[in-house]
Amino acid sequence: MKTAVLALSLSGAAAFVQNPASAVAATQLASAKEDLVAFATANKSPLSGFWDPLGLADTSFWGMGNEATIGFLRHSEIKHGRVAMAAFLGYLAQSTPLVSGPHKLLPYKGYTPGLSPPEQWDA
């Protein structure tokens, strides 16, 4: 039994080791404004193109340079998108009859059972 557990534990470790042949990334993220413009113009859709109405691709936040600013903006866009998706899932969960009814333990102070999420916000 011990040898089987040992063999299984050692065999799974190979899944977490990077393959030396794939050391080079298959894709590269555009980090400079020129790369962003080239990526936007390479897309053949008539609705897309490089669009930066606030000029954020030309700024330098906190004196860290243009590439760091673009990286920060990409990171914050991903982060806020994930927060928005989680908030929408919470909105959907509140709309179900399982959650909207009375509870033995209230989820938070001021909870009024039987209200929709917008009504709960205004309550």
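Helices here are DSSP runs of H or I at least four residues in length, numbered from the N terminus. All the close-ups below come from a predicted model.

**View 1. T69, a buried threonine in helix α3.** T69 has its place in helix α3. Is T69 buried or exposed? At 1% relative accessibility T69 counts as buried, because the cut-off for that label is under 20%. Its side chain reaches back to the backbone oxygen of G65, at 2.9 Å. Leaving aside residues up to four places away in sequence, T69 touches L56, T59, S60 and F61. One of those contacts, F61, turns up again in the ring view that comes next.

View 2. A pair of aromatic rings is described by the distance of the centres and the angle of the planes. How many aromatic pairs does the ring rule give? The count comes to 4. One of them joins F61 and F72, with 6.0 Å from centre to centre and 75° between the planes. That makes the pair edge-to-face, because its angle is over the 60 degrees needed. Distant parts of the chain are linked here: F61 is in the loop between α2 and α3, F72 is in helix α3, and the two are 11 residues apart. F61 counts as partly exposed at 22% relative accessibility, and F72 is also partly exposed, with a relative accessible area of 37%.

View 3. Which kind of pair do F88 and Y91 form? The two rings are stacked, at 6.5 Å centre to centre and 15° between the planes. Both residues lie in helix α3, 3 residues apart, which is about one turn of the helix. F88 is partly exposed, with a relative accessible area of 49%, and Y91 is partly exposed as well, at 37%.

**View 4. The nonpolar surface patch around F88 and Y91.** F88, L89, Y91 and L92 form a nonpolar patch on the surface. Together these residues have about 400 Å² of accessible area.

**View 5. K33 and D58, the salt bridge.** How many salt bridges does a search of the whole structure find? It finds 1. The side chains of K33 and D58 meet in a salt bridge, with 2.9 Å from N to O. The pair ties together distant parts of the chain, with K33 in helix α2 and D58 in the loop between α2 and α3, 25 residues apart. K33 counts as partly exposed at 23% relative accessibility, whereas D58 is exposed, with a relative accessible area of 51%. D58 gets that label because the cut-off for exposed is over 50%.

**View 6. G49, a glycine in the loop between α2 and α3.** G49 is found in the loop between α2 (33–42) and α3 (66–95). Its relative accessibility is 38%, so G49 counts as partly exposed. What separates the C-alpha atoms of G49 and V37? The separation is 7.8 Å, for two residues that are 12 residues apart along the chain.

Terms used. Residues numbered from 1 in each chain as written. Predicted model: local features only at pLDDT ≥ 70, side-chain atom pairs only at ≥ 80, totals over all residues. Heavy atoms only, no water. Buried < 20%, exposed > 50% of the residue type's maximum accessible area, 1.4 Å probe, protein only. Patch = residues over 30% accessible without salt bridge, like charges linked within 9 Å, V, L, I, M, F, W, Y side chains within 5 Å. Areas by Shrake-Rupley, 256 points an atom, 1.4 Å probe, with all protein chains shown as cover. Salt bridge = Lys/Arg side-chain N within 4 Å of Asp/Glu carboxyl O. Phe/Tyr/Trp six-rings, centres within 6.5 Å; stacked < 30°, edge-to-face > 60°. Polar contact = N/O pair within 3.5 Å; in protein donor to acceptor, adjacent residues only side chain to side chain. Contact = heavy atoms within 4.5 Å.
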